[in-house]
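Please open the model in your viewer and keep the selection tool at hand. The stops below go from the whole chain to single residues and pairs.

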Amino acid sequence: MFFEGFTLANVPVPGGTIRLRHGGSGPPLLLLHGNPQTHAMWHRVAPGLAKRFTVICPDLRGYGFSLKPPATSDHAPYAKIEMAKDMIAVMDHFGFKEFRLAGHDRGARLSHRIALDNPARVLKLAVLDVIPTIEHFERANMDFALGYYHWFWFAQPHPFPEWLINRAPEDWWRQHTGRDPSLPDLFHPDALADYLAAVRQPEMVCGMCEDYRAAASIDLEHDRATRAAGIKVRCAMLALWGVKGKVGKWYDALAIWRDYCSSEVIGGPIKSGHYIAEEAPDEMLAWFERFFR
């Protein structure tokens, strides 16, 4: 059953609402999805985690069916500092002052900023298939430019990439996520229906591109200022990546994350590609249960 025992809700935050599912009992655990997905990406792991935790899975600003501010010249509404405030408002709504936090892809980048800005609230942090965004850009080479070409395409001025994607949003979505031809039926039908319903919204395509434009501009300003001030993640960290993906091939992920964290950093590869929670849920759950308990 899809998200058995979970409740679908829309939670008010400044400027709009955040769509989410929540379920379980125990200490709170916030799970943040990646691009170009929705909170539905957690469906294979959230019920298991709900046996020990109160699990909250939102759609990020700009994605799914959450608020989607329009494009702006400075991309400030999609700065991770602003997107982080949505998630803090969600946890305030449920009455949780302290919580555990995990993010995949874009959600991991947002999780990093949430932990930096709210050290008294984030007890533990897990990041899936990323290194810090600033490190990606500062280490960029030909392999990165070709492998992560979409970072630079989405960041082109509004509305050029949106115009192209909106010509055939479902075809674009399937091509973008079809990284492993050996897994043609990777996505659960209910999750896939949610992803495609989201990408059919021009506002979601715009929000996604604004997220990447912010990453290449205002977020870098904030990240450089944070690093220059010597501010690091204070809580323990878990970093996981798909062994078939690029992160482990291109980077020493644990060593890099240890430069950005003043506490313990553990982790390693998962036998999967990029979509860890859907490709290797049991292995990911085993890591999460050891780390978060």
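Helices (H or I, at least four residues) and strands (E, at least two) are here DSSP runs, numbered from the N terminus. The model is a predicted one, in which local features need pLDDT of at least 70 and side-chain atom pairs count only at pLDDT 80 or more, while totals for chains, interfaces and linings use all residues. Residues are numbered from 1 along each chain as its sequence is written, and side-chain values use heavy atoms, with hydrogens and water left out.

Next, select Phe160, which lies in helix α7 (residues 160-165) and counts as partly exposed because its relative accessibility is 45%.

Move on to Met83 in helix α2 (residues 80-93), which is buried at a relative accessible area of 2%. Leaving aside neighbours within four places in sequence, Met83 is in contact (heavy atoms within 4.5 Å) with Leu60, Arg61, Pro77, Tyr78, Leu110 and Asp211.

In helix α2 as well, select Lys85 and Glu82, which are three residues apart and thus separated by about one helical turn. They form a salt bridge (a side-chain nitrogen of Lys or Arg within 4 Å of a carboxyl oxygen of Asp or Glu), the closest N and O atoms being 3.0 Å apart. Lys85 is partly exposed at 48%, and Glu82 is partly exposed at 28% relative accessibility.

Which parts of the chain does the pair of Asp194 and Arg19 tie together? Their side chains meet in a salt bridge of 2.7 Å, N to O. Asp194 lies in helix α9 (residues 189-199) and Arg19 in strand β2 (residues 16-24), so the pair ties together parts that are 175 residues apart in sequence. Both Asp194 and Arg19 are buried.

Finally, select Arg139 and Glu135, whose side chains meet in a salt bridge of 2.6 Å, N to O. Elsewhere, salt bridges that share partners join Lys80, Arg106, Asp211 and Asp219 into one network.

Methods:
Buried < 20%, exposed > 50% of the residue type's maximum accessible area, 1.4 Å probe, protein only.
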